[in-house]
Amino acid sequence: MHLLRGSDLDDPTLPGQTREFRYAGLLLFTSTQVFLLRTEEKKAPTPLMSHFDLAGVADLIKSGKAMNIVCMCGAGISVSAGIPDFRTPGTGLYSQLAKYQLERPEDIFSIGYFMRKPEPFFTLARELFPGNYTPTPTHYFMQLLYKKGLLLRCFTQNIDSLEHQAGLPKSIKLDCPR
């Protein structure tokens, strides 16, 4: 089994890439990428999903065939809670840091900058402090998957702790800094 990105699907240099080759399985989705599992079989496997959309995912879960679900989360799942993502021009966190007069927006998380001028970091940390925001439906969906014994792991880049607030235990959540 090989993990592929969507952009790899048309790459003729991949080993075993043939017209007869079929892709099976959906790992889950992030805000920007869909990952597929490729099987080594030449025969077309029975599709797990009748259609690749939210309804198809829901049907698969309801059928009992989806087990050991892995969620990979980025800032997009917290935007509806009022937490800006980092890079969206005009609304992202980095575009809101001009008031701190940073050379680069990333400097707010730099230890060197923090040692010289810690105030911007503490101001931002106070704004993002756990308890200031409420988990989103996505966070509660992951909690539901966990309660039903379907969630194997939640990989997240988020620092907002909304997964924890929603009820995911530390044993399920793995923080993955960028």
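How many disulfides does a search of the whole structure find? Hold that thought while I say what we're looking at. This is a predicted model, where local features need pLDDT of at least 70, side-chain atom pairs count only at pLDDT 80 or more, and totals for chains, interfaces and linings use all residues. Residues are numbered from 1 along each chain as its sequence is written, and side-chain values use heavy atoms, with hydrogens and water left out.

Okay, back to the question: the search turns up 0 disulfides, a disulfide being a pair of cysteine sulfur atoms within 2.5 Å. Take Cys71: its nearest cysteine sulfur belongs to Cys73, 5.6 Å away. Cys71 also counts as buried, at 7% relative accessibility. Then there's Cys176, where the nearest cysteine sulfur is that of Cys154, 8.6 Å away. Cys176 is partly exposed, with a relative accessible area of 26%. For those words, buried is under 20% relative accessible area, exposed is over 50%, and partly exposed is in between (1.4 Å probe, protein chains only).

Now, the sheet. We've got 3 strands in an open sheet, ordered S4-S5-S6, with parallel pairing. Strands here are DSSP runs of E, at least two residues, numbered from the N terminus, and two of them pair if DSSP finds at least two bridges between them. On average, neighbouring strands are turned by 15 degrees against each other, direction ignored; the axes are lines fitted to C-alpha atoms, and angles run from 0 to 180 degrees between N-to-C directions.

Look for Phe155, whose bridge partner in S6 is Leu174.

Terms used: Helix = DSSP H or I, 4+ residues; strand = E, 2+ residues; numbered from the N terminus.
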